[in-house]
Amino acid sequence: MDIRISEDVPESYLAEVRHILSNSEFLLLDKYFHHHKTSRLTHSIHVSYLSWLLAKKLGCDEKAAARAGLLHDFCPYNFREKTPKGEHPAFHHPKAAVENSSRVFQINDRERDAIRTHMFPLGPVPRNKEAWIITLADKICAAMEYCHVETNFMGKDRMIIARASA
Ligand SMILES: [Fe+2]
Ligand SMILES: [Fe+2]
């Protein structure tokens, strides 16, 4: 798979996320649908980019926002599968995303907290500004994806996920 991103997407954003977007385990998210027709990978990129923009505007840690936004649903499995402890997927998957993100990437406490609390009010209350940004961006993107509204925050044709043919 190849992700092509237009040259007008700021390098300052891409520099924070490029290594995640080239990780083969992370790219498995493209196999799973999220919010009807959107892949979990595309949804994660939407949340990451919107979170980065919001964090920049609000003077927050935009690196943590971009990374935690991208990793918040890092769960390459079907959400309809039974969870290990029988927990509802809405409560289980943020914990799984923290576990996977910690194992595959170096994440800091701020990013960990943002990933862990992104389902608020289902689950724990966000404890830092970036975590509030991720939970808000996730809901905005999810609502637009459910309604099939064009959510490519990178703009038309700015991000193309080229899937290898089977
Ligand atoms: Fe989620
Ligand atoms: Fe999400």
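In this predicted model, the buried residues of helix H6 (109-116) are Arg 110, Glu 111, Asp 113, Ala 114, Ile 115 and Arg 116. Because six of the eight residues of H6 are buried, this helix is largely enclosed by the rest of the structure. The cover over those buried residues includes H4, helix H5 (89-104) and H7. The loop that runs between H6 and helix H7 (129-146) contains Pro 121, and the peptide bond leading from Phe 120 into Pro 121 is cis, with an omega near 10 degrees.

The wider setting is as follows. The protein chain has seven helices and four strands, and along the sequence these elements follow the pattern β-α-α-β-β-α-α-α-α-α-β. Of the 166 residues in the protein chain, 36% are buried. Among the contacts with a separation of 6 or more, 61% are accounted for by residues 24 or more positions apart.

Two packed helices are described by the angle between their axes and the distance between the axes.

| Helix pair | Angle between axes | Axis distance |
|---|---|---|
| H4 and H7 | about 45 degrees | 10 Å |
| H1 and H4 | roughly 35 degrees | within 9 Å |

Helix H4 (residues 62-71) packs against H7 at an angle of about 45 degrees, and the two helices are therefore oblique to each other. H4 passes H7 in a right-handed crossing. On the H4 side the contact is formed by Ala 64, Ala 65, Ala 68 and Gly 69, which meet Glu 130, Ile 133, Ile 134 and Ala 137 of H7. The residues of this contact comprise six nonpolar, one polar and one charged.

H1 likewise passes H4 in a right-handed crossing. Here Tyr 13, Glu 16, Val 17 and Ile 20 of H1 meet Lys 63, Ala 66, Arg 67, Leu 70 and Leu 71 of H4. The residues of the contact between H1 and H4 comprise six nonpolar, no polar and three charged.

In soluble globular proteins, nonpolar side chains tend to be buried together. The largest nonpolar core of this model has 30 residues, and those with the most contacts inside it are Ala 65, Ala 68, Leu 71, Ile 134 and Ala 137. At least two residues of this core are supplied by each of helix H1 (11-21), helix H3 (40-57), H4, H5, H6 and H7, while the largest share, eight residues, comes from H3.

What does Leu 71 touch, once its neighbours within four places in sequence are left aside? Leu 71 is then in contact with Ile 20, Ala 97, Ser 101, Phe 105, Ile 107 and Ile 115. Of these partners, Ile 20 belongs to the H1 side of the contact with H4, and Ile 115 is among the buried residues of H6.

A further position in H5 is Glu 99. Is Glu 99 buried or partly exposed? It is partly exposed, because 13 other C-beta atoms lie within 10 Å, whereas a buried residue would need 20 or more. The C-alpha atoms of Glu 99 and Phe 74 are separated by 9.0 Å, although these two residues stand 25 residues apart along the chain.

Methods: Residues numbered from 1 in each chain as written. Chains lettered and ligands numbered in written order. Predicted model: local features only at pLDDT ≥ 70, side-chain atom pairs only at ≥ 80, totals over all residues. Axes fitted to C-alpha atoms, helices over the stretch in contact; angles between N-to-C directions. Parallel < 35°, antiparallel > 145°, perpendicular 65-115°, else oblique. Left-handed = near helix turned anticlockwise from the far one by under 90°. Contact = placed C-beta atoms within 7 Å. Nonpolar A, V, L, I, M, F, W, Y, C, P; charged D, E, K, R; others polar. Buried ≥ 20, exposed ≤ 12 C-beta atoms within 10 Å, placed from the backbone. Core = buried A, V, L, I, M, F, W, Y, C linked by C-beta atoms within 7 Å.
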